[in-house]
Amino acid sequence: MAHVTLHFSLGMAVATACMAPALRTAWENRTPLAGLFKRWFIFCYLLGIYAVVPSLLRRMGLPNEMCDGWWMNLFLFYPLVKKVFSFGGMPLGGAVMFTFFALQYGITVIAIIRQKRKPHSA
């Protein structure tokens, strides 16, 4: 059974992959990044929550048969991930989640430093 952190981090990874082209284009064109970063962060956390919906439903009392059915693949392949990572996945999920938090923080700090160094036009 894959741990909830693994499912959440999978949601973050998918959201980051979806937003990467827009982030790269904005970065290269030196367009303002604050709004795009906000959308990226919100998308990451919402998709992470979306990926753990079957776990939340299980915690609310739905039977395991319902939460592990093939139809739950709608939630970022929840049963498939659970089957592939049958060893638990908590250390891996935690490491991946930490990596994405650190990535978001690091890119934000670099963007702030980059903005401060940008020559101001009069």
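From the N terminus on, the elements of the protein chain follow the order α-α-α-α-α-α. The count is six helices and zero strands. The model is predicted. The points below cover the overall dimensions of the chain, the packing of its helices, and several individual residues.

**Overall form and surface**

- The radius of gyration of the protein chain is 18 Å, whereas a compact globule of 122 residues would have a value near 14 Å.
- Of the 122 residues in the protein chain, 36% are buried.
- The chain exposes about 8,000 Å², and 73% of this area is supplied by carbon and sulfur atoms.
- When contacts between residues at least 6 apart in sequence are considered, 73% of them join residues at least 24 apart.

**Packing of the helices**

- Two packed helices are described by the angle between their axes and the distance between the axes.
- Helix α1 covers residues 4–28 and helix α2 covers residues 34–51; the two pack with their axes 7 Å apart, at an angle of about 160°.
- Because angles over 145 degrees count as roughly antiparallel, α1 is described as roughly antiparallel to α2.
- The crossing in which α1 passes α2 is right-handed.
- Helix α1 also packs with α6: their axes come within 8 Å and cross at roughly 25°.
- Angles under 35 degrees count as roughly parallel, and α1 and α6 are therefore roughly parallel to each other.
- The handedness of the crossing between α1 and α6 is left-handed.

**Gln104 in helix α6**

- Gln104 lies in helix α6, which runs over residues 90–117.
- The relative accessible area of Gln104 is 3%; because a residue under 20% is called buried, Gln104 belongs to the buried class.
- Leaving aside residues up to four places away in sequence, Gln104 touches Met12, Trp40, Phe41, Cys44 and Tyr45.

**Leu56 in helix α3**

- Leu56 is placed in helix α3, which comprises residues 53–59.
- The relative accessibility of Leu56 is 44%; since this value falls between the cut-offs of 20% and 50%, Leu56 counts as partly exposed.
- Leu56 and Val4 are 52 residues apart along the chain, and a distance of 9.3 Å separates their C-alpha atoms.

- Most residues other than glycine have a negative phi.
- Leu76, a residue other than glycine, has a positive phi near 50°.
- Leu76 occurs in the loop that lies between α4 (64–67) and α5 (78–84).
- With a relative accessible area of 16%, Leu76 is under the 20% limit and is therefore buried.
- Phe77 is likewise not a glycine, and its phi is positive at about 55°.
- Phe77 is also found in the loop between α4 and α5.

Note on methods
Residues numbered from 1 in each chain as written. Predicted model: local features only at pLDDT ≥ 70, side-chain atom pairs only at ≥ 80, totals over all residues. Heavy atoms only, no water. Helix = DSSP H or I, 4+ residues; strand = E, 2+ residues; numbered from the N terminus. Rg over C-alpha atoms; globule rule 2.2 N^0.38 Å. Buried < 20%, exposed > 50% of the residue type's maximum accessible area, 1.4 Å probe, protein only. Contact = heavy atoms within 4.5 Å. Areas by Shrake-Rupley, 256 points an atom, 1.4 Å probe, with all protein chains shown as cover. Axes fitted to C-alpha atoms, helices over the stretch in contact; angles between N-to-C directions. Parallel < 35°, antiparallel > 145°, perpendicular 65-115°, else oblique. Left-handed = near helix turned anticlockwise from the far one by under 90°.
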